[in-house]
Amino acid sequence: MQLELSPADAEFRSRMREIFTTKVPQEIRDTVLEGRHLTRDQIVEAQRTLNAEGLAVPHWPVEWGGQDWTELQRHLWHEEMQRAGVPIPLAFNASMIGPVIAHFGTQEQKERFLPATANLDIWWSQGFSEPDAGSDLASLRTSAVRDGDDWVVNGQKTWTTLGQHGDWIFTLVRTDPEVKKQAGISMLLIDMTTPGVEVRPIELIDGGHEVNEVWFSDVRVPGDLLVGDLNGGWTIAKFLLGNERVGVAPVGATKRALSALKSHAGALLDDPLVRARIAELENDLLALELTALRVVAHSSDGAPHPASSVLKLRGTELQQAVSELALDLAGPASLAARADDDSPQEGWARRAAPTYLNLRKASIYGGSNEIQRQIISRTILGL
Amino acid sequence: MDFTYDDEQQALREAVRGLLATAYADHEARRRTVADDPGFDRALWGRLAEMGVLGLPFSEADGGVGAGPVEIGIVCQELGRVLAPEPYLSGVVHAGGLVAAVGTAEQKAELLGRLSAGEVLLAAADTSPGDRWTSDADGVRASVADGTWTLDGVADPVMGGASADHLVVTAALPDGGTGVFVVDAAAASVTGYAAADLTRAATVRFEGSEATPLGEPGRDLSASIATISDLTRIMGANQALGVMQSQVRATTDYLKSRKQFGVTLNTFQALTFRAADMYVSLELAHSTVDWATMTIAGGDREVVADAADRVGLQVGRAARHIGQEAIQLHGGIGMTAEYAVGVGTAHLTVLEQWLGNAGHHLGRLSARVTDHELVDAV
C-alpha cells in the first residue's frame, strides 16, 4: 500500500495537464468550467483535438487508438481533463459503441467505423429504451425482419440523448419474437439519414431539449450492419451497459461543481449549516474517488467490475446532492432561470434550478439506481 | 498509488486471523471472556506478544518490531472482525504510542520492550469527565515539589484501565500546557467497569499520586498528544471496518438462510436493497480507511490530523448505518447478547464515542472548509 504517485505517474499527470491546457481552445474550456452549454461544433472540435494527441479513446484496444494504461493512469487522464475543463469524449462514441465494435464487430466494421467514431466524424446516438422497455430493457419490441440481405426495422425508441445531433444510431432490435425475450435481440447500426427514420424532440422539466424519440418506419438496413451474432444482442447490451455504468460516475465533475459553488457562496459560507453540508459532501466525494481508485473498474477482459454499481449509485446521488445545495444557496435568484441575459442575477444562480431539475435524470439513466442495487445484491452479495 | 497488500502483509493478516480464530472461533467464547475479569484472554495476549504483534508499532531500538501503520491497521481490522476485547487499541496503539512519541530513549526502552513482550499492560488516561476529545487535559493537574511530580484529579473513561500496570496520563502542567506522565497503577485509585460492549474501562482518581514525567519535565506536549490521538482514531477506524465487514457478511448470510412466510428473506426486495446500501457504505468506508492509514507514513502531522477527521466522519456514518441495519435485518435475534451482530453494533458505538463521533469530526472539517478549493485523493 502506498499513497504517493510514482515518478512515472507524476510525469504522466503533468504531461496530461500540459496537453489539455495548451491544445484544447480556451473558449471551450471556459464554457465547461463555467457550467454553460457546449455547441455540437465545440464538442466535436474538442474530441478531434484529443484524438490527434491519442487521448480520445485510451481504453480501446491499442490497434484502434487505445493506450495500454493502468487504471491509475486512466483516472489521472480523466481527472486532469475535468480539471482543465476539457469536454469528456462523447460517451456514445468513446464508452459505448466503440468498445462494442472493437470487441464484437467484424474486421470490416472495425475499419469502417472505429477511426471515424474515435474522431467524432460520426456522432452516435443510442437506441435502447422504448416506451414499454425501460429498466426491463429486454422486453423491447422494435422489430427487424429479414428481407433478402437487408433488415427492415419498425418501432420506436425513446430517451435518445442528443439524438438531434446524431449521424448514426446503435439499436437493439427484436430479430426473433418466438424465443425467450433476451434470446431474440440483435444489435443493428442504422444511418439516421435513411428514409423512415424520424427524430422528435422531448421537452424536459428544465425547459431544455436534450432527449428525443426516434421512430423507425420500414427502415431498410443492410445486413452487414448487424453487430456480433444474430440474436446475440443481449450479451452486447450487458457489455455496453456495464461500461456505461462506469462512465456515468461523475466524481471529478461533481467535485469541481462543489468547488465552484464554494467560490460563488460568498457570505453564505458564514452559515455553519452551509459549511457542514459542504464538508460532508467533500468527504463523501473523497470516499467515492478513493473507491474508484481502489476497486478496479475493469477486469482484464474489458468487462466492468460489479462494484462499478457502487460508483454509479453513489456518484449520481452526490451529483444530485451538490445540485440541491446549489439550488438552496441560489435561493430566490434561481427563479430567474429563463430571464433575459440582462438579468441582474448571477449566471450560476440562474442555472441552479434547471440543473437541479435536469439532474434528477442521473439516478434513472445508465441503469436506474434501483437496478444498481439489484446488481449489488445479486452479483456481489449473492442475495 | 497502490491499495493492495504485499505478500508479508497478507501473511501477517492470515497469521493474526488464524491466532484469533483459536480464541474466538465463535461468539460464545468472546461472551465467556468478557464475563470474567480481566475481560480479555491473557493467554491470547501472550501469544500475540510471541508473534510480535504487540511490538509492531515500536522501533527495534525500543524493543519493538518496527512495522508500519498498514501492519497495525491489519491487526486492528482482524481484532474487529471477531470483536476481540483485548486492549490492543487502548494499551498498545494509544498508551504505547504516547510513550513512543514523547518518552526519552531510556523510558521507551524500559516500557515499550516490556509492553511488546506482554510483561506489562499500559492504559492511556487522557479524558476527564466533561471532556470531549480534546488534547489539552484539565481534569488532571500535575504539580512538582522538590523535583517530585504528583498528579491530582479524575480520569474517566480510561479504556483498559483496570488491568493496566502503568497509566500513561495527560495532565495540565503548573506553568501551562499539557504533559504526559507515567503512574504506577498502585499509586492511583482505579475502579473498573464494563463499557456498553462489555470491554473494560475504568475511573482513575489521582490524589497526590507520584508520577514520572515522560520526556523533558514541564514541557508542553499537546501537539504530540493530539497526533497520537489521531493515529489511534485511524487505527480505531480500521477496527470498526473489521466489525462492519463481519456484520455485512452475517446479514447477507442470514437473509439467505432465514425463512418467513415459507421463503428465505432474500426473496424480499425491501430487504435486499437495504443490504445493497449497507455494502455501499462499507466499500466507501473501506477506501477511506485504507487511505487514512496510508497518510501516516508521510509523517506530516497536519495531513494525519485531516485524515483522522475524514475517516472519523466517514466511518462514523457507516457504523451507524451498517450497525443499525444489521440489527434491523436480523430482527429479534440481532438484539440478543448471544449473537455477534448486535454486540458488534455495541462495539462500534463504543469505538465511536471513545475516539470521536461523526459530528465532532464534521465540526472540525466544517471549520476548515474554506481553507481549500477542493479535496483531491491523489
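This is a predicted model: local features need pLDDT of at least 70, side-chain atom pairs count only at pLDDT 80 or more; totals for chains, interfaces and linings use all residues.
View 1. Residues are numbered from 1 along each chain as its sequence is written, while chains are lettered from A and ligands numbered from 1 in the order in which they are written. Seven residues of domain 1 of chain A touch nine residues of domain 3 of chain A (contact means C-beta atoms, placed from the backbone, within 7 Å).

**View 2. In chain B, helix α7 (residues 222-257) meets helix α10 (residues 340-355).** Helices here are DSSP runs (H or I, at least four residues), numbered from the N terminus. Their axes come within 10 Å and cross at roughly 160 degrees (axes are lines fitted to C-alpha atoms over the stretch in contact, with angles from 0 to 180 degrees between N-to-C directions). So α7(B) runs roughly antiparallel to α10(B) (an angle over 145 degrees). Among the residues making the contact are G236(B) and A240(B) of α7(B), plus G344(B) and L348(B) of α10(B).

**View 3. Helix α8 (residues 269-296) of chain B packs against helix α9 (residues 301-330) of chain B.** Here the axes sit 9 Å apart, at an angle of about 160 degrees. That makes α8(B) roughly antiparallel to α9(B) too.

Note on methods:
Helices (H or I, at least four residues) and strands (E, at least two) are DSSP runs, numbered from the N terminus. Angles under 35 degrees count as roughly parallel, over 145 as roughly antiparallel, 65 to 115 as roughly perpendicular and the rest as oblique. Two residues are in contact if their C-beta atoms, placed from the backbone, lie within 7 Å.
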